[in-house]
Amino acid sequence: MEKYREHKKTAVDWSRIFHKFWENRWFMGILLLTAVCAYGYKVTNVTIGIDDTPSLYYFEEGLIAIVGRWVLFLLNKVIFLAEFVPFVTDFIAVCLLVLAAIVWTVLFYSVLGEKIPVVGYAFFAAIFVSSPLISEVFTYFLHNGIAIGYLCCGLSLCCVREWQVSIRKMQKGSGIREKFDCLAVMRLVTAAVFLWIAMGCYESFMILWLAGLMLLLLTERIGMGAERKGQTGTSGVFHTLVGGAVCALAAVILRSLMIVVLTKAFQLEYLQGEAVQRSVTEMLGWMFRPGAFSELAMILKRTFVLYGVFAYAYLPIRIFVLAAVVITVVAMIRVIHGRDLWALVLLPAAYLAAFSLLFIEGKATLYRSAQFLPIFCGYGALLFAYGIWGLTGCIGRGMHRKICLGVRGIAVAVLVVITWNQCMDMTKWFYIDRQKYEAAVKTVDQIALDLERDFDTSKPVVFTGNYEIPYSIIQDAYVGYGTETYAKMKRITDRIDPDLLDKYNRGSKGVWVAQTPALSVIEWGRYAFDNDAELVKFFAMHGHTLTACEDIDRYAEAEKASLELPEYPQDGYILDKGDYIIVHF
């Protein structure tokens, strides 16, 4: 009992820290207001988009379980989630995101403490929650579990932090029993379990966790004084990295075992050929193909465009670049003034961890899989506040006091502007998603009217051609060729590869910058899962009964037969082929 009490004295008081922020009116006021501004429109405006129509296929039949996203599959067995009910799920997701923001704030407070004011922590949480890049995935039904994933990643890293503190205490003691403290081991096990749950929502949360671990260690180097250097030296960082590696390996093994168990328990073997398997070994297969090195060079170039050059046109990338500059400057100041080589190592390690998915998948990381980016943006705001308050630490009196308070006021104003702009941008993309949905509904209503008036809708329908969202709706997702922004981006990319920016050209629309906002539910549903059943479901969800064509051989025949057909909405865009009907976009 005495040993347990002594251990509790050295542990981080997580409950106290959590309540410190939970009960702080400024912190919760800023965070909740930001959440309302960023997600209020989405929560109150229903849309049906990509991956919404097959929700029963995913969560009832178990397609998501066999690819490793088991959390929502099992949760659906307890709380019915599979039916498309957007308001409730969207609202709960926002609440979980707010809770996740508090947990991540508590994590960094456990390192930096009062060196940053509450307002600094508040804007870390606000900028994280309102990052417009979250809109790239939030328009999907159940949002790939990102709210649960962010929360579990934060809890996992808190457990790692607690384990880290325990290990350092044990290193000061003597005796075998202290060296193998069961409580310390259990914290690492708990961290692995939370990481396993996060990966069970979306596998890219492993990337966020690794990057978060690097940021946690980097934060410790930045925030520590000279008197603490001996307590957190080489052995401390090394032990944390080893513990993190063990934790990550355990989570990966648990995920693999869970896929096997669920596949056997729910007899999901028949679904294994229906989706891309997301195991690490299968994703790494690209490395063994001929020309892998040149392929990697192009992947790195594409990543530079997506997460660097597009800062000219896409707000979340611009904030990320600014955050990266702040993080680098503050870390380098620590390296120079503190002569801290570990900070010099951990800085690039954090970025390498954040972009490690590109080495695993063999392609530039899609925005909807870049869960690390909102955390990095918030972390940049956190270090910005840390730097400003550090520079103005001794306020003094008279003019010096006024200058210091003025600088702090300007810093807060900058953070307010960033948060405001992010909320506006997030709402803009959600509004565009709503406009896309309304345009899709008008399209299917007109097609259904034409079919029901002139054709036998009991026949299978094959959709051919390509449906394009009206450009007036999605023009903000592109950069026009003749614009000044395009010229700036072109000047940078031409120095690396004259054809690099052209790889993101989309016909007459321009350069494709925002990804998900430019995608169409009609174009996706037209041939999702190798047939048009999902598009037919979209019709059904809006009151129109059609018959899907499940004969895959008819699609090639229909495409050939439709080459001379007028495109929708011109007269003659529908053709009755006897056994089936062609609708040509």
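## A histidine in a loop

Let us start with one side chain: that of histidine 544 reaches the backbone oxygen of histidine 542 at 3.4 Å. This is a polar contact (a pair of N or O atoms within 3.5 Å; within protein, one must be able to donate a hydrogen and the other to accept it, and residues adjacent in sequence count only if both atoms are side-chain atoms). Histidine 544 sits in the loop between helix H25 (533-540) and strand S4 (547-548). Helices (H or I, at least four residues) and strands (E, at least two) are DSSP runs, numbered from the N terminus.

With a relative accessible area of 12%, histidine 544 is buried. Buried means under 20% relative accessible area, exposed over 50%, and partly exposed in between (1.4 Å probe, protein chains only). Leaving aside neighbours within four places in sequence, histidine 544 is in contact (heavy atoms within 4.5 Å) with Val444, Asp445, Ala448, Glu452 and Phe539.

## About the model

This is a predicted model, in which local features need pLDDT of at least 70 and side-chain atom pairs count only at pLDDT 80 or more, while totals for chains, interfaces and linings use all residues. Residues are numbered from 1 along each chain as its sequence is written, and side-chain values use heavy atoms, with hydrogens and water left out.

## The nonpolar cores

The largest nonpolar core has 196 residues. A nonpolar core is a set of buried Ala, Val, Leu, Ile, Met, Phe, Trp, Tyr and Cys residues joined through side-chain atoms within 4.5 Å. Tyr39, Tyr307, Phe310, Phe372 and Phe376 have the most contacts inside this core. A second, separate core of 7 residues includes Val462, Cys549, Tyr580 and Ile582.

Which residues make a nonpolar surface patch of about 440 Å²? They are Val85, Phe87, Val88, Phe91 and Ile92. Patches are made of residues with over 30% relative accessible area and no salt bridge: like charges are joined within 9 Å, nonpolar side chains (Val, Leu, Ile, Met, Phe, Trp, Tyr) within 5 Å. The areas come from the Shrake-Rupley method with a 1.4 Å probe; for residues, only the protein chains shown count as cover.

Phenylalanine 91, one of the patch residues, is found in helix H7 (residues 86-112). Its relative accessible area of 43% makes phenylalanine 91 partly exposed.

## Salt bridges

How many salt bridges does a search of the whole structure find? There are 25, each a side-chain nitrogen of Lys or Arg within 4 Å of a carboxyl oxygen of Asp or Glu. One of them joins glutamate 220 and arginine 161, whose closest N and O atoms are 3.1 Å apart. Glutamate 220 lies in helix H13 (residues 205-223) and arginine 161 in helix H10 (residues 146-172), so this pair ties together parts that are 59 residues apart in sequence. Glutamate 220 is buried at 2% relative accessible area, and arginine 161 is also buried, at 6%.

Lysine 264 and glutamate 269 meet in a salt bridge too, at 4.0 Å from N to O. Here lysine 264 is exposed, with a relative accessible area of 58%, while glutamate 269 is partly exposed at 34%.

Leucine 315 lies in helix H17 (residues 315-338) and counts as buried at 12% relative accessibility. Along the chain, leucine 315 and proline 132 are 183 residues apart, yet their C-alpha atoms are separated by 7.5 Å. Beyond neighbours within four places in sequence, leucine 315 is in contact with Pro132, Asn421, Gln422 and Asp425.

Alanine 126, in helix H8 (residues 118-129), is buried with a relative accessible area of 0%. Not counting residues up to four places away in sequence, alanine 126 touches Ile30, Leu31, Thr34 and Thr419. Lysine 509 is found in the loop between helix H23 (484-496) and strand S3 (511-512); at 17% relative accessibility, lysine 509 counts as buried. The side chain of lysine 509 makes a polar contact with that of glutamate 468 at 3.5 Å.
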